[in-house]
Amino acid sequence: MARIDRINGEVMRELAGVIRELKDSRIPLMTSVVAVNVTNDLRYCKAYISVMGDEATKKKAIEGLKSAAGFIRREMGKRVDLRYTPEFIFELDNSIEHGSHIDKLLKGMK
């Protein structure tokens, strides 16, 4: 289990770097990789992405990431030394935005 956790951490760190370097106007600067889950056979990686903005911005960002999936996979192959470079599946994650909303509610109670 420790091995896959190390791989997840490394993939998450490098994926965040690759996404920052993308020159796609659909992907805003406030795009973060919240978590990644690489399968045990290293074939697939589900990446949970947080995007600050409205629903249209989020949808465009995920579309931009999906269209750049081939480039992202190639870059990850260069940066992370794994037997197989996983295929990326991007999922929208609202946890950061949800936490921000709860924080605002708590501050409003004071």
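A charge sits over a ring if NZ of Lys or CZ of Arg is within 6 Å of the ring centre and within 35 degrees of the ring normal. In this protein, the charged end of Arg 43 sits over the ring of Tyr 84, 3.6 Å from the ring centre.

Some ground rules. This is a predicted model, where local features need pLDDT of at least 70 and side-chain atom pairs count only at pLDDT 80 or more, while totals for chains, interfaces and linings use all residues. Residues are numbered from 1 along each chain as its sequence is written, and side-chain values use heavy atoms, with hydrogens and water left out.

Now the layout. The protein has four helices and three strands. By helices we mean DSSP runs of H or I with at least four residues, and by strands runs of E with at least two, numbered from the N terminus. The order from the N terminus is α-β-β-α-α-β-α. The C-alpha atoms fill a box of roughly 50 × 35 × 15 Å along the principal axes. Of the 110 residues, 33% are buried; buried is under 20% relative accessible area, exposed is over 50%, and partly exposed is in between, with a 1.4 Å probe and protein chains only. A contact means heavy atoms within 4.5 Å. Among contacts with a separation of 6 or more, 66% join residues 24 or more positions apart.

Next, helix α2, residues 55-67. Its 13 residues should span 18 Å at 1.5 Å a residue, and the end C-alpha atoms are 18 Å apart, which agrees. The expected span is 1.5 Å times one less than the number of residues. Which residues of α2 are buried? They are Lys 58, Ala 61, Ile 62, Gly 64 and Leu 65. Down the helix axis these fall within an arc of 160°, so they line one face of α2; the arc is that of the directions from the axis to the C-beta atoms. The buried residues pack against α1 (2-21), β2 (44-51), α3 (69-79), β3 (87-92) and α4 (95-109). The face turned away from the buried side carries the exposed residues Glu 55, Lys 59, Lys 66 and Ser 67. Glu 63 is also in α2, and is partly exposed at 39% relative accessible area.

On to the core. A nonpolar core is a set of buried Ala, Val, Leu, Ile, Met, Phe, Trp, Tyr and Cys residues joined through side-chain atoms within 4.5 Å. The largest one has 26 residues, and those touching the most other members are Val 11, Leu 15, Ile 49, Leu 65, Ile 72 and Phe 90. Two or more residues each come from α1, β1 (31-38), β2, α2, α3 and β3, with α1 giving the largest share, six residues. Leu 65 touches Ile 19, Leu 22, Ile 27, Ile 49, Ile 72 and Phe 90, leaving aside residues up to four places away in sequence.

Phe 90 also belongs to an aromatic pair. The search of the whole structure finds one such pair. The rings of Phe 88 and Phe 90 have centres 6.2 Å apart and planes at 15°, so the pair is stacked. Rings of Phe, Tyr and Trp (its six-membered ring) pair if their centres lie within 6.5 Å; planes under 30 degrees apart are stacked, over 60 edge-to-face, and the rest tilted. Phe 88 is buried at 8% relative accessible area, and Phe 90 is buried at 5%.

Last, Leu 42, in the loop between β1 and β2. Most residues other than glycine have a negative phi. Leu 42 has a positive phi of about 65° although it is not a glycine. At 4% relative accessibility, Leu 42 counts as buried.
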